[in-house]
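Reader: I've got a protein–DNA model to go through with you. Can you walk me through it?

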Amino acid sequence: MTLIYIDLKRYFSFDLKKCMHSGQIFGWKNFGKKWYGFLNKVPVCVSQEENKLIVVSNKSITEDDIIYFFNLDEDVDKINKKIDVNDFMEKAIELYCGIRVLRQDPVETIIEFVCAQNKNIPAIQKTITEISKRYGEKAEMNGITFYGKPNIRKIAKSKLSEILETGIGYRAKYLLSTAEKISEDSTYVDKIRSMEYFSALNAMTSGKMKLYGVGLKVADCILLYGFYKLEAFPIDVWILRAYHYALKGFYDENLLSVNGFRKTKLSRKEYLLMGDVARKVFGKYAGYAQLYIYLASRSLFGGSKKF
DNA sequence: CTTAGACCTGA
DNA sequence: CAGGTCTAA
């Protein structure tokens, strides 16, 4: 049994709950202040008490593993200063201070975000849990059962009909094809990791390395949350809703409107252009800016769905 | 290169 | 409709 206390006063502002609710991680079980899930393939229970982060596990895990996964030693002040470009961003940073881009496993994020497309957060949580139940490792702590992220090889070897039983719907064929491709090429992940952001984005969405079911938005999520490529700026419906506020004055607003209405869909070219604007404004921390904008947008336009 | 529809499922 | 992508035209 391992019990680790981390003194958060040594690090920049950190908020576990905000991280877990930021839409970058799915499949963890939440009971009160405790979060159950797998960290570096090890089942853990994580909770936060003011200035302490508490991690319990019945297997071996180190403080460094935890610092790395939650990115505790990130220089958030530097990032926040860089992306605080207007009142909207200032407010978003103030409200969602303590957030981090986590360092999840690349393959796990590929699975997560292929499944996440065109679903709402509760549905995503449910799907990921169902897939983990079938293709992931089982664990139990404090009488609570939870599952690790799905094993990609197991998925690759299974039948479409089996995957469909998880309620994943039409994404099943995407997941199977992607699982097969990554399982067949043991160097796939390393290749993406070694590429510059833009090359990696192109590789995953076009050409020989393309993953079926991975478009620009999903690829950006994977590169940001799974590969820690902070230039990635995933543009989903929430970012589109808030784009006008977050990046006012930095782009030609005609690009986002049709007949006076806000566009709800972007062409590949438009998507890349909007991302480039964000990267020009927020520099190499575009991904962090995206997290703040996403959270602010949900609380502004998402009704009661905010936390 | 752009743009409608279709697409599973469930809240 | 939902943190989109694929396909055909």
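Reader: Which residues of helix α13 are buried?

Author: This is a predicted model, where local features need pLDDT of at least 70, side-chain atom pairs count only at pLDDT 80 or more, and totals for chains, interfaces and linings use all residues. Residues are numbered from 1 along each chain as its sequence is written, chains are lettered from A and ligands numbered from 1 in the order written, and side-chain values use heavy atoms, leaving out hydrogens and water. Helices are DSSP runs of H or I with at least four residues, strands are E runs of at least two, and both are numbered from the N terminus; buried means under 20% relative accessible area, exposed over 50% and partly exposed in between, with a 1.4 Å probe and protein chains only. In α13 (residues 237-246), the buried ones are W238, I239, L240, A242, Y243 and A246.

Reader: What covers the buried residues of α13?

Author: Here we go by contact, meaning heavy atoms within 4.5 Å. The cover includes α4 (87-95), β9 (261-262), α14 (268-282) and α15.

Reader: At the start of α13, which residue has a side-chain oxygen close to the backbone nitrogen of W238?

Author: A polar contact is a pair of N or O atoms within 3.5 Å; within protein, one must be able to donate a hydrogen and the other to accept it, and residues adjacent in sequence count only if both atoms are side-chain atoms. The oxygen here reaches to within 2.7 Å of that nitrogen, and it belongs to D236.

Reader: How far is the side chain of W238 from a phosphate oxygen of DNA strand C?

Author: A residue is near a strand if one of its heavy atoms lies within 4 Å of it. By that rule 28 residues surround DNA strand C, the closest being G23, K119, N120, D236 and Q290. For W238, an N or O atom in the side chain sits from a phosphate oxygen at 3.2 Å.

Reader: What is the phi of N118?

Author: N118 lies in the loop between α5 (106-116) and α6, and it counts as exposed because its relative accessible area is 66%. Most residues other than glycine have a negative phi. For N118 phi is positive, near 55°.

Reader: Is P43 buried or exposed?

Author: P43 is found in strand β4 (residues 42-49). Beyond its neighbours within four places in sequence, its contacts include F38, V56, M141 and F146. Its relative accessible area is 4%, so P43 is buried.
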